[in-house]
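Trainee: I've just opened this one for the first time. Can you walk me through it?

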Amino acid sequence: DVEGAELSALRGAHRTLVECKPRVFVSCHTDLRWMAEKFPADGFDALDAYMRSLGYEGEHLATDHEAHWCYAHPDGR
C-alpha cells in the first residue's frame, strides 16, 4: 500500500513491466485532491497514461473508498 505513490512504484518496476508483462492491480484513492497534495505529478491520469504507453490496457473493476483497476498487457500473463 503506497498511499498515493502508485505511479512512482510502477515506474520503479519499469523493467519488470516491460520484460515480464505481469497483470497489475492498482487501487487509487478517489479523492484526487488528497493524492494531488501528496504527489502532484502522480495523479491517476498520469498513471493510466504511463501504463498505456507500455502497451497495457486498463479495466475498472470497482470503486469503494478507492478506485480499483486491473492492467493487462495483450502479450502478458
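**A walk through the model**

Mentor: Start with one pair. The side chains of H68 and S27 make a polar contact, at 2.5 Å. Keep in mind that this is a predicted model.

Trainee: Okay. Where is H68 found?

Mentor: H68 lies in strand 3.

Trainee: What else is H68 in contact with, leaving aside its neighbours within four places in sequence?

Mentor: Besides S27, the list holds V26, E59, H60, L61, A62 and T63. H68 is also the bridge partner, in strand 3, of A62.

Trainee: And which residue in strand 3 is the bridge partner of H29?

Mentor: That one is E66.

Trainee: Is strand 3 mostly covered or mostly open?

Mentor: Mostly covered. Of its 7 residues, 7 are buried. Both faces are covered too. One side has E66, H68, C70 and A72, and the other has A67, W69 and Y71.

Trainee: Let me zoom out. How many helices and strands does the protein have?

Mentor: There are 4 helices and 3 strands. Along the sequence, the pattern reads α-α-β-α-α-β-β.

Trainee: What order do the strands take in the sheet?

Mentor: The order is 1-3-2, in an open sheet of 3 strands with antiparallel pairing. Strand 1 and strand 2 are at the edges, and each has a single partner strand, so one side of each lacks a neighbour in the sheet.

Trainee: By how much are neighbouring strands turned against each other?

Mentor: By 25° on average, with direction ignored.

Trainee: Which helix packs on that sheet?

Mentor: Helix 4 does. It touches strand 1, strand 2 and strand 3, and its direction makes about 10° with that of strand 3.

Trainee: Back to the pairings. How many bridges join strand 1 to strand 3?

Mentor: 6 bridges, and the two strands run antiparallel. Strand 2, residues 57-63, is joined to strand 3 by 6 bridges as well, again antiparallel.

Trainee: What do strand 2 and strand 3 form?

Mentor: A hairpin, with 2 residues between the strands.

Trainee: New topic: the core. Which residues touch the most other members of the largest nonpolar core?

Mentor: L10, L17, V24, L47, M51 and Y71, out of 15 residues in that core. The elements giving two or more residues are helix 1 (6-12), strand 1 (24-29), helix 4 (44-53) and strand 3 (66-72). Helix 4 gives the most, with 4 residues.

Trainee: Take M51. What is M51 in contact with, if I skip neighbours within four places in sequence?

Mentor: M51 is in contact with L10, L17, V24, Y56 and Y71.

Trainee: What share of the whole protein is buried?

Mentor: Buried residues make up 35% of the 77 residues.

Trainee: Last one. What share of the contacts with a separation of 6 or more comes from residues 24 or more positions apart?

Mentor: 61% of them. For a second look, go back to H68 and its polar contact with S27.

Key
Residues are numbered from 1 along each chain as its sequence is written. This is a predicted model: local features need pLDDT of at least 70, side-chain atom pairs count only at pLDDT 80 or more; totals for chains, interfaces and linings use all residues. Side-chain values use heavy atoms; hydrogens and water are left out. A nonpolar core is a set of buried Ala, Val, Leu, Ile, Met, Phe, Trp, Tyr and Cys residues joined through side-chain atoms within 4.5 Å. Buried means under 20% relative accessible area, exposed over 50%, partly exposed in between (1.4 Å probe, protein chains only). Contact means heavy atoms within 4.5 Å. A polar contact is a pair of N or O atoms within 3.5 Å; within protein, one must be able to donate a hydrogen and the other to accept it, and residues adjacent in sequence count only if both atoms are side-chain atoms. Two strands pair if DSSP finds at least two bridges between them. Axes are lines fitted to C-alpha atoms, for helices over the stretch in contact, and angles run from 0 to 180 degrees between N-to-C directions.
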